[in-house]
Amino acid sequence: MIALADILTLGSGALIGLTLGLIGGGGSILAVPLLVYVVGVASPHVAIGTSAIAVAANALVGVALHARARSVKWPCALVFAGSGIVGAFLGARVGKAVGGEFLLFLFGLVMIAVGVTMLLRKGEGGNPDVHLDQASAPALLPSLTGYGLGVGLLSGFFGIGGGFLIVPGLINATNMPILFAVGSSLVSVAAFGLATASSYALAGLVDWHVAALLLAGGVVGALIGTALARKLAAKKALLARIFAVIVMLVGLYVSARGLAAL
(Lines give C-alpha, C1' and ligand atoms only; values in the text may rest on other atoms or scores of the structure.)
Protein backbone atom coordinates (compact mmCIF):
# COMPACT_ATOMS: atom_id res chain seq x y z
CA MET A 1 0.00 0.00 0.00
CA ILE A 2 1.07 3.54 -0.65
CA ALA A 3 1.75 5.33 2.62
CA LEU A 4 -0.33 8.38 3.51
CA ALA A 5 2.86 10.46 3.62
CA ASP A 6 3.60 9.48 0.01
CA ILE A 7 0.11 10.53 -1.11
CA LEU A 8 0.49 13.84 0.70
CA THR A 9 3.92 14.31 -0.91
CA LEU A 10 2.51 13.67 -4.40
CA GLY A 11 -0.29 16.15 -3.72
CA SER A 12 2.18 18.72 -2.43
CA GLY A 13 4.30 18.27 -5.55
CA ALA A 14 1.25 18.79 -7.76
CA LEU A 15 0.43 22.04 -5.96
CA ILE A 16 4.03 23.27 -6.33
CA GLY A 17 4.08 22.38 -10.04
CA LEU A 18 0.68 24.01 -10.60
CA THR A 19 1.86 27.24 -8.97
CA LEU A 20 5.11 27.34 -10.94
CA GLY A 21 3.37 26.58 -14.23
CA LEU A 22 0.62 29.14 -13.67
CA ILE A 23 2.46 32.14 -12.25
CA GLY A 24 6.17 31.23 -12.47
CA GLY A 25 6.77 31.60 -8.74
CA GLY A 26 5.72 30.54 -5.29
CA GLY A 27 7.20 27.05 -5.47
CA SER A 28 9.88 27.52 -2.85
CA ILE A 29 7.59 29.51 -0.54
CA LEU A 30 4.98 26.74 -0.70
CA ALA A 31 7.36 23.79 -0.67
CA VAL A 32 9.02 24.16 2.72
CA PRO A 33 5.78 24.69 4.72
CA LEU A 34 4.14 21.79 2.84
CA LEU A 35 7.04 19.45 3.62
CA VAL A 36 7.19 20.43 7.29
CA TYR A 37 3.48 20.80 8.14
CA VAL A 38 1.76 18.46 5.65
CA VAL A 39 4.26 15.73 4.75
CA GLY A 40 5.91 15.74 8.18
CA VAL A 41 9.60 16.19 7.35
CA ALA A 42 11.18 16.65 10.78
CA SER A 43 14.24 18.75 9.87
CA PRO A 44 13.70 22.22 8.37
CA HIS A 45 17.15 21.94 6.78
CA VAL A 46 16.20 18.71 5.02
CA ALA A 47 12.91 20.33 3.98
CA ILE A 48 14.80 23.25 2.42
CA GLY A 49 17.28 21.00 0.61
CA THR A 50 14.61 18.59 -0.62
CA SER A 51 12.28 21.39 -1.71
CA ALA A 52 15.12 23.05 -3.64
CA ILE A 53 15.64 19.85 -5.65
CA ALA A 54 11.91 19.54 -6.34
CA VAL A 55 11.37 23.20 -7.20
CA ALA A 56 14.34 23.24 -9.58
CA ALA A 57 13.20 20.03 -11.27
CA ASN A 58 9.58 21.18 -11.51
CA ALA A 59 10.77 24.51 -12.90
CA LEU A 60 12.73 22.67 -15.60
CA VAL A 61 9.56 20.75 -16.52
CA GLY A 62 7.73 24.07 -16.68
CA VAL A 63 10.47 25.53 -18.89
CA ALA A 64 10.09 22.61 -21.31
CA LEU A 65 6.31 23.05 -21.45
CA HIS A 66 6.49 26.80 -21.94
CA ALA A 67 9.27 26.39 -24.52
CA ARG A 68 7.04 24.01 -26.45
CA ALA A 69 4.34 26.69 -26.36
CA ARG A 70 6.94 29.27 -27.52
CA SER A 71 6.44 31.41 -24.42
CA VAL A 72 10.10 31.60 -23.35
CA LYS A 73 12.27 34.54 -24.44
CA TRP A 74 15.53 32.60 -24.24
CA PRO A 75 18.18 35.34 -24.62
CA CYS A 76 16.37 37.56 -22.11
CA ALA A 77 15.83 34.64 -19.72
CA LEU A 78 19.46 33.50 -19.82
CA VAL A 79 20.92 36.98 -19.25
CA PHE A 80 18.51 37.58 -16.37
CA ALA A 81 19.29 34.18 -14.81
CA GLY A 82 23.06 34.64 -15.17
CA SER A 83 22.98 38.03 -13.49
CA GLY A 84 20.64 36.67 -10.84
CA ILE A 85 23.00 33.85 -9.88
CA VAL A 86 25.78 36.38 -9.27
CA GLY A 87 23.41 38.51 -7.20
CA ALA A 88 22.17 35.48 -5.24
CA PHE A 89 25.67 34.56 -4.09
CA LEU A 90 26.31 38.13 -2.95
CA GLY A 91 22.91 38.43 -1.27
CA ALA A 92 23.34 35.13 0.59
CA ARG A 93 26.56 36.38 2.18
CA VAL A 94 24.81 39.50 3.48
CA GLY A 95 21.64 37.66 4.53
CA LYS A 96 23.52 35.33 6.88
CA ALA A 97 24.24 38.31 9.13
CA VAL A 98 20.53 39.11 9.60
CA GLY A 99 18.08 37.21 11.82
CA GLY A 100 15.83 34.75 9.99
CA GLU A 101 12.57 36.05 11.43
CA PHE A 102 13.40 39.64 10.45
CA LEU A 103 14.33 38.39 6.96
CA LEU A 104 10.88 36.80 6.57
CA PHE A 105 9.18 39.96 7.75
CA LEU A 106 11.11 42.08 5.24
CA PHE A 107 10.52 39.60 2.42
CA GLY A 108 6.78 39.68 3.06
CA LEU A 109 6.82 43.48 2.80
CA VAL A 110 8.70 43.28 -0.50
CA MET A 111 6.11 40.81 -1.83
CA ILE A 112 3.23 43.11 -0.83
CA ALA A 113 4.93 46.03 -2.59
CA VAL A 114 5.45 43.93 -5.73
CA GLY A 115 1.79 42.86 -5.74
CA VAL A 116 0.54 46.43 -5.36
CA THR A 117 2.84 47.56 -8.19
CA MET A 118 1.49 44.80 -10.45
CA LEU A 119 -2.14 45.76 -9.68
CA LEU A 120 -1.46 49.43 -10.40
CA ARG A 121 0.46 48.70 -13.60
CA LYS A 122 -1.38 49.90 -16.71
CA GLY A 123 -0.81 49.21 -20.37
CA GLU A 124 -1.78 46.95 -23.23
CA GLY A 125 -0.17 43.84 -21.83
CA GLY A 126 3.38 44.38 -23.04
CA ASN A 127 5.20 43.82 -26.31
CA PRO A 128 5.07 40.15 -27.41
CA ASP A 129 7.72 40.78 -30.09
CA VAL A 130 10.42 42.01 -27.70
CA HIS A 131 13.69 40.08 -28.06
CA LEU A 132 17.35 40.51 -27.22
CA ASP A 133 19.62 40.79 -30.23
CA GLN A 134 22.46 42.99 -31.46
CA ALA A 135 20.12 45.85 -32.28
CA SER A 136 18.18 45.81 -28.99
CA ALA A 137 21.13 44.96 -26.73
CA PRO A 138 22.10 48.59 -25.91
CA ALA A 139 18.62 49.18 -24.47
CA LEU A 140 17.74 45.75 -23.04
CA LEU A 141 21.06 44.38 -21.79
CA PRO A 142 21.67 46.96 -19.02
CA SER A 143 18.05 46.65 -17.88
CA LEU A 144 18.07 42.84 -17.84
CA THR A 145 21.42 42.73 -16.07
CA GLY A 146 20.40 45.32 -13.50
CA TYR A 147 17.04 43.77 -12.67
CA GLY A 148 18.55 40.27 -12.69
CA LEU A 149 21.28 41.30 -10.28
CA GLY A 150 18.77 43.06 -8.03
CA VAL A 151 16.33 40.13 -7.93
CA GLY A 152 19.22 37.73 -7.34
CA LEU A 153 20.47 39.87 -4.45
CA LEU A 154 17.01 39.81 -2.85
CA SER A 155 16.64 36.07 -3.52
CA GLY A 156 19.99 35.26 -1.93
CA PHE A 157 19.45 37.72 0.91
CA PHE A 158 16.07 36.24 1.86
CA GLY A 159 17.07 32.64 1.10
CA ILE A 160 13.97 32.07 -1.05
CA GLY A 161 13.76 31.18 -4.73
CA GLY A 162 12.49 34.60 -5.78
CA GLY A 163 10.00 33.52 -8.42
CA PHE A 164 7.53 36.15 -7.22
CA LEU A 165 10.16 38.81 -7.92
CA ILE A 166 11.49 37.40 -11.21
CA VAL A 167 8.22 37.79 -13.15
CA PRO A 168 7.73 41.52 -12.42
CA GLY A 169 11.50 42.00 -12.84
CA LEU A 170 11.37 40.60 -16.37
CA ILE A 171 8.27 42.65 -17.20
CA ASN A 172 9.87 45.88 -15.97
CA ALA A 173 13.16 45.11 -17.72
CA THR A 174 11.71 44.26 -21.13
CA ASN A 175 7.97 45.12 -21.21
CA MET A 176 7.23 41.52 -22.29
CA PRO A 177 3.67 40.19 -21.67
CA ILE A 178 3.15 38.30 -18.43
CA LEU A 179 2.77 34.91 -20.17
CA PHE A 180 6.28 35.27 -21.61
CA ALA A 181 7.55 36.55 -18.26
CA VAL A 182 6.13 33.48 -16.50
CA GLY A 183 7.74 31.10 -19.00
CA SER A 184 11.07 32.96 -19.02
CA SER A 185 11.14 33.31 -15.21
CA LEU A 186 11.24 29.53 -14.80
CA VAL A 187 14.77 29.53 -16.27
CA SER A 188 15.89 31.67 -13.31
CA VAL A 189 13.83 29.64 -10.80
CA ALA A 190 15.54 26.46 -12.01
CA ALA A 191 19.00 28.06 -11.93
CA PHE A 192 18.55 29.48 -8.41
CA GLY A 193 17.05 26.20 -7.19
CA LEU A 194 19.88 24.09 -8.60
CA ALA A 195 22.46 26.34 -6.95
CA THR A 196 20.76 25.94 -3.57
CA ALA A 197 20.05 22.23 -4.04
CA SER A 198 23.66 21.38 -4.89
CA SER A 199 24.85 22.98 -1.65
CA TYR A 200 22.34 21.05 0.50
CA ALA A 201 22.86 17.79 -1.40
CA LEU A 202 26.61 17.92 -0.79
CA ALA A 203 25.83 18.36 2.92
CA GLY A 204 23.54 15.29 2.88
CA LEU A 205 20.43 17.36 3.59
CA VAL A 206 18.16 15.95 0.86
CA ASP A 207 15.51 13.22 1.23
CA TRP A 208 15.69 11.72 -2.26
CA HIS A 209 12.55 9.59 -1.87
CA VAL A 210 10.48 12.63 -0.98
CA ALA A 211 12.16 14.65 -3.74
CA ALA A 212 11.23 12.00 -6.34
CA LEU A 213 7.57 11.98 -5.23
CA LEU A 214 7.45 15.79 -5.28
CA LEU A 215 8.79 15.77 -8.81
CA ALA A 216 6.27 13.15 -9.96
CA GLY A 217 3.37 15.18 -8.58
CA GLY A 218 4.94 18.37 -9.91
CA VAL A 219 4.93 17.13 -13.50
CA VAL A 220 1.14 16.73 -13.38
CA GLY A 221 0.71 20.10 -11.68
CA ALA A 222 2.98 21.84 -14.18
CA LEU A 223 0.96 20.47 -17.11
CA ILE A 224 -2.24 21.85 -15.62
CA GLY A 225 -0.68 25.17 -14.58
CA THR A 226 0.90 25.82 -17.97
CA ALA A 227 -2.38 25.11 -19.76
CA LEU A 228 -4.24 27.46 -17.41
CA ALA A 229 -1.61 30.17 -17.92
CA ARG A 230 -2.10 30.04 -21.71
CA LYS A 231 -5.89 30.28 -21.35
CA LEU A 232 -5.79 33.10 -18.83
CA ALA A 233 -3.22 35.04 -20.87
CA ALA A 234 -5.84 35.49 -23.59
CA LYS A 235 -8.04 37.38 -21.11
CA LYS A 236 -5.91 40.52 -21.02
CA ALA A 237 -4.78 41.38 -17.49
CA LEU A 238 -6.53 38.56 -15.60
CA LEU A 239 -3.35 36.50 -15.14
CA ALA A 240 -1.49 39.59 -13.92
CA ARG A 241 -4.23 40.31 -11.38
CA ILE A 242 -4.21 36.70 -10.13
CA PHE A 243 -0.43 36.89 -9.81
CA ALA A 244 -0.60 40.20 -7.91
CA VAL A 245 -3.30 39.02 -5.48
CA ILE A 246 -1.47 35.76 -4.71
CA VAL A 247 1.77 37.68 -4.16
CA MET A 248 0.10 40.06 -1.69
CA LEU A 249 -1.71 37.29 0.21
CA VAL A 250 1.45 35.23 0.60
CA GLY A 251 3.35 38.41 1.50
CA LEU A 252 0.86 39.18 4.29
CA TYR A 253 1.20 35.62 5.60
CA VAL A 254 5.01 35.63 5.48
CA SER A 255 5.22 39.06 7.15
CA ALA A 256 2.80 38.02 9.89
CA ARG A 257 4.76 34.82 10.61
CA GLY A 258 8.04 36.70 10.63
CA LEU A 259 6.68 39.48 12.86
CA ALA A 260 5.15 37.00 15.29
CA ALA A 261 8.49 35.24 15.67
CA LEU A 262 10.46 38.43 16.41
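**View 1. Leucine 144 and its neighbours in the predicted model.** In this predicted model, leucine 144 touches Cys76, Val79, Phe80, Leu132, Leu170, Ala173 and Thr174, leaving out residues up to four places away in sequence. Leu144 also belongs to the largest nonpolar core, a set of 64 residues. Together with Phe164, Ile178 and Phe243, Leu144 is listed among the members with the most contacts inside that core. Which helix gives this core its largest share? That is H8, with 11 residues. Another core lies apart from this one; it has 5 residues, among them Ala52, Ile53, Ala197 and Ala211.

**View 2. Where helices H4 and H6 pack.** Here you can follow helix H4 (residues 74–95) alongside helix H6 (residues 137–158). At what angle do H4 and H6 pack? The angle is about 35 degrees, and the axes are 6 Å apart. The crossing of H4 with H6 is right-handed. Sorted by class, the residues in this contact are 15 nonpolar and 9 polar, with no charged ones.

**View 3. Serine 83 on helix H4.** Serine 83 is part of helix H4. Is serine 83 buried or exposed? Its relative accessible area is 11%, so serine 83 counts as buried, the limit being under 20%. Setting aside neighbours within four places in sequence, serine 83 is in contact with Thr145, Gly148 and Leu149.

**View 4. Glycine 156 on helix H6.** Glycine 156 sits in helix H6 and is buried, with a relative accessible area of 15%. Which residues does glycine 156 contact, apart from its neighbours within four places in sequence? They are Ala88, Gly91 and Ala92. Look also for threonine 196: it is 40 residues from glycine 156 along the chain, and the two C-alpha atoms are separated by 9.5 Å.

View 5. Serine 136 is found in the loop between helix H5 (100–120) and H6. This serine is buried, with a relative accessible area of 17%. Beyond its neighbours within four places in sequence, serine 136 makes contact with His131 and Leu141.

**View 6. Alanine 195 on helix H8.** Alanine 195 belongs to helix H8 (residues 178–202).

View 7. Helix H1 covers residues 4–23, and its 20 residues should span 28 Å at 1.5 Å a residue. The end C-alpha atoms of H1 are 29 Å apart, which agrees. The buried residues of H1 are Asp6, Thr9, Ser12, Gly13, Ile16, Gly17, Thr19, Leu20, Gly21, Leu22 and Ile23. Glycine 24 follows H1 and has a positive phi, near 75 degrees.

**View 8. Helix H3 and arginine 70.** How far apart are the end C-alpha atoms of helix H3 (residues 44–68)? They are 36 Å apart, in agreement with the 36 Å that its 25 residues should span at 1.5 Å a residue. Just after H3 comes arginine 70, which takes a positive phi of about 60 degrees.

Technical notes
Residues are numbered from 1 along each chain as its sequence is written. This is a predicted model: local features need pLDDT of at least 70, side-chain atom pairs count only at pLDDT 80 or more; totals for chains, interfaces and linings use all residues. Side-chain values use heavy atoms; hydrogens and water are left out. Helices (H or I, at least four residues) and strands (E, at least two) are DSSP runs, numbered from the N terminus. Axes are lines fitted to C-alpha atoms, for helices over the stretch in contact, and angles run from 0 to 180 degrees between N-to-C directions. A crossing is left-handed if the near helix is turned anticlockwise from the far one by less than a right angle, and right-handed if clockwise. Ala, Val, Leu, Ile, Met, Phe, Trp, Tyr, Cys and Pro count as nonpolar, Asp, Glu, Lys and Arg as charged, and the others, Gly among them, as polar. A nonpolar core is a set of buried Ala, Val, Leu, Ile, Met, Phe, Trp, Tyr and Cys residues joined through side-chain atoms within 4.5 Å. Buried means under 20% relative accessible area, exposed over 50%, partly exposed in between (1.4 Å probe, protein chains only). Contact means heavy atoms within 4.5 Å. The expected span of a helix is 1.5 Å times one less than its number of residues.
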